[in-house]
Amino acid sequence: MHAVKHTWNLVGEGVQDMTQKIQSIVGIWGRSLTLVQRTLWGVFLRFVKPDDSFAQKNLSSNEYKLYSRMDPRERHHGCQVAKELLQRNPQSSAVLIRAAILHDVGKSSRPFVLWRRILVHIIKTGVFPPKPILGGIRGDMQMKVNHPIYGSEMIRKSGGCEKVARLVELHHDPRGDREAEWLRR
C-alpha cells in the first residue's frame with residue numbers, strides 16, 4: 001500500500017511539474033500573442049472597438065471623462081481586461097471592474113505614437129523616476145514604467161474613487177492586495 005501511495009505521489013508531483021512547465025510555456029506564448037495582437041490593433045485601428053457603453057455603465061462620471069480621453073486602443077484594451085476579469089471571477093467588485101477599465105489611463109498623459117510604443121516594448125526600459133517628466137523616447141519609456149502612478153494621480157485629481165486609484169497604482173505590482181492581483185492577472 002505504501003509503494004502505491006508513494007508512486008501516486010510521484011505521479012502527482014510529475015503532473016504538477018508538467019502543469020507548471022506548460023503554464024510557463026503558454027505564458028510566454030500568451031504574452032507574445034498579446035503583444036502581436038496589440039501591435040496589430042495599433043496599426044489597424046479599424047479592428048479596435050472599445051465598448052464605450054460598457055465603460056459608461058460601470059464608471060463614475062468623473063472616471064468616464066478620463067476614460068474618454070484615452071486612445072481608442074487603450075479604451076478597447078481596458079474594456080477587454082474588465083470583461084475577461086468578469087469571466088474569470090464573476091464575483092469581482094464594481095471597484096475592481098472600474099480599475100480594470102482604467103488600469104492604463106496613465107498612458108493617456110502622452111500622445112499615442114505607434115512606432116514609439118512598439119520601440120518602448122522592445123527596449124528594456126530599466127528604472128525611471130516618475131518625476132520630472134521627460135520628453136522624447138525617454139519620456140515614453142518613463143511612461144511605460146510609471147503609468148500606474150500617473151493613472152492613479154489622474155483618478156484622484158479628477159475626484160475618482162480612492163480604491164480605484166489604488167488598484168490602478170498597484171496593477172503591475174500588487175504588493176499582497178488580492179484585488180490588485182486579480183487585475184494583474
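User: How many helices and how many strands does the protein have?

Analyst: This is a predicted model, in which local features need pLDDT of at least 70, side-chain atom pairs count only at pLDDT 80 or more, and totals for chains, interfaces and linings use all residues. Residues are numbered from 1 along each chain as its sequence is written, and side-chain values use heavy atoms, with hydrogens and water left out. From the N terminus on, the elements run α-α-α-α-α-α-α-α-α, where helices (H or I, at least four residues) and strands (E, at least two) are DSSP runs. The secondary structure comes to nine helices and zero strands.

User: Is Glu-74 buried or exposed?

Analyst: Glu-74 is found in helix 4. Buried means under 20% relative accessible area, exposed over 50%, and partly exposed in between (1.4 Å probe, protein chains only). The relative accessibility of Glu-74 is 4%, so this residue counts as buried.

User: How far apart in space are Glu-74 and Leu-102, C-alpha to C-alpha?

Analyst: In sequence, Glu-74 and Leu-102 are 28 residues apart. In space, C-alpha to C-alpha, the distance between Glu-74 and Leu-102 is 8.8 Å.

User: With which side chain does the side chain of His-77 make a polar contact?

Analyst: His-77 is placed in helix 4, residues 72–88, and counts as buried because its relative accessibility is 13%. A polar contact is a pair of N or O atoms within 3.5 Å; within protein, one must be able to donate a hydrogen and the other to accept it, and residues adjacent in sequence count only if both atoms are side-chain atoms. At 3.1 Å, the partner of the His-77 side chain is the side chain of His-103.

User: Over the face of which residue does Arg-73 lie?

Analyst: A charge sits over a ring if NZ of Lys or CZ of Arg is within 6 Å of the ring centre and within 35 degrees of the ring normal. Arg-75 lies over the face of Tyr-67, at 5.6 Å from the ring centre. Arg-73, at 3.7 Å from the ring centre, lies over the face of Phe-112.

User: Which helices give two or more residues to the lining of the largest cavity?

Analyst: On a 1 Å grid over the protein atoms alone, a cavity is a set of points where a 1.4 Å probe fits but cannot get out, a pocket is an open set with protein on both sides within 12 Å along at least five of seven lines, and lining residues have an atom within 4 Å of a point. The largest cavity holds about 40 Å³ of space. Its lining residues are Lys-107, Arg-117, Val-120, His-121, Asp-140, Met-143 and Lys-144. Two or more of the lining residues come from each of helix 6 (114–122) and helix 7 (136–157).

User: How much space lies in the second largest pocket?

Analyst: Residues lining the second largest pocket include Ser-109, Lys-131, Met-143 and Lys-157. By class, this lining has four nonpolar, three polar and four charged residues. The space in the second largest pocket is about 150 Å³.

User: Which residue does a cis peptide bond join to Lys-131?

Analyst: The omega of this cis bond is about -5 degrees.

User: Is Arg-175 buried or exposed?

Analyst: Arg-175 lies in the loop between helix 8 (162–170) and helix 9 (178–184). Its phi is near 50 degrees, a positive value in a residue other than glycine. Relative accessibility is 57%, so Arg-175 counts as exposed.

Conventions. Grid points are joined across faces, edges and corners, and a volume is the space filled by probe spheres set on the points. Ala, Val, Leu, Ile, Met, Phe, Trp, Tyr, Cys and Pro count as nonpolar, Asp, Glu, Lys and Arg as charged, and the others, Gly among them, as polar.
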